[in-house]
Amino acid sequence: MFKKYKSAELVKPGGLDLKDRLVGVQRVTKVTKGGRAFGFSAIVVVGDEAGVVGQGLGKSKDVASAIAKAVEDAKKNLVRIPLKGKSLPHEQKGKYGGARVNIIPAAPGTGVIAGGAVRTVLEAVGVHDVLSKSQGSSNPHNVVKATFDALLQLRDANAIAKDRGISLEQVFNA
């Protein structure tokens with residue numbers, strides 16, 4: 001899932017104090033010859049609130065096991081996000097399917113100005129001061145993936161200096 005992002009650093013869940021947050025549970029129906037078969041689909045975000053976050057999807061016949069499967073899936077997809085203090089290093093747009101998300105760093109004390117699924121992801125990462133706008137589809141699956149798209153494109157100043165082969169001072173003075 002994260003192969004197209006060159007700055008994505010995968011993280012192993014061992015030793016991390018991960019907190020899971022439920023984004024949404026949907027009841028899904030499969031119509032068969034014998035009638036309707038009901039099941040549940042859950043999307044969960046896990047994070048250590050210090051720059052490590054992952055998202056997962058779980059499906060099952062009952063809610064509790066769907067959530068448990070989603071948490072296990074999320075722990076397999078952990079990535080490190082570069083933060084600048086309690087905010088983001090720069091503004092970034094992300095998209096997935098019909099969902100568009102714009103995340104903007106904010107001044108200290110602003111709080112997380114975001115709705116629904118975007119808020120859940122940003123709180124799991126550990127961002128405390130950010131503005132965001134979600135446009136297009138409000139489907140939680142696509143909004144979470146669009147938020148991840150934006151977060152995985154973030155780069156800190158050290159990474160930019162290394163990629164360009166220049167010093168950190170030249171990044172800001174060029």
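Trainee: Let's start with the interface. How much area is buried between domain 1 and domain 2?

Mentor: Keep in mind that this is a predicted model. Carbon and sulfur atoms give 76% of the area buried between domain 1 and domain 2. The total for that interface comes to about 1,200 Å².

Trainee: Which three residues supply 35% of the area that domain 1 buries against domain 2?

Mentor: No other three residues of domain 1 supply more of that area. The trio is Arg21, Val23 and Gln55.

Trainee: And where do the two domains sit in the chain, and how far apart are their C-alpha centres?

Mentor: Domain 1 covers 9–79, and domain 2 covers 83–173. At the interface, 18 residues of domain 1 are in contact with 14 residues of domain 2. The C-alpha centres of the two domains are separated by 22 Å.

Trainee: Which residue forms a salt bridge with Arg21?

Mentor: The rule finds one salt bridge across the interface of domain 1 and domain 2. For the Arg21 pair, the closest N and O atoms are 3.4 Å apart, inside the 4 Å cut-off. The partner of Arg21 is Glu123.

Trainee: How many residue pairs are in polar contact between the domains, and which elements give two or more residues to the domain 1 side?

Mentor: The count between domain 1 and domain 2 is five residue pairs in polar contact. By class, the domain 1 side that touches domain 2 has nine nonpolar, six polar and three charged residues. The elements giving two or more residues to that side are strand 2 (19–32), strand 3 (35–47) and strand 4 (52–60).

Trainee: Why does the pair Lys19 and Glu49 tie together parts that are 30 residues apart in sequence?

Mentor: These two form a salt bridge, with closest N and O atoms 3.8 Å apart; the structure holds five salt bridges. The pair links parts 30 residues apart because Lys19 lies in strand 2, while Glu49 is in the loop between strand 3 and strand 4.

Trainee: What does UniProt place at residues 18–81?

Mentor: That span is 20% helix and 59% strand, and its end C-alpha atoms lie 15 Å apart. The feature comes from an unreviewed UniProt entry.

Conventions
Residues numbered from 1 in each chain as written. Predicted model: local features only at pLDDT ≥ 70, side-chain atom pairs only at ≥ 80, totals over all residues. Heavy atoms only, no water. UniProt positions renumbered as here; feature names shortened; annotations may be inferred. Helix = DSSP H or I, 4+ residues; strand = E, 2+ residues; numbered from the N terminus. Domains from an automatic or database assignment. Contact = heavy atoms within 4.5 Å. Buried area = accessible area lost by both parts, 1.4 Å probe. Salt bridge = Lys/Arg side-chain N within 4 Å of Asp/Glu carboxyl O. Polar contact = N/O pair within 3.5 Å; in protein donor to acceptor, adjacent residues only side chain to side chain. Nonpolar A, V, L, I, M, F, W, Y, C, P; charged D, E, K, R; others polar.
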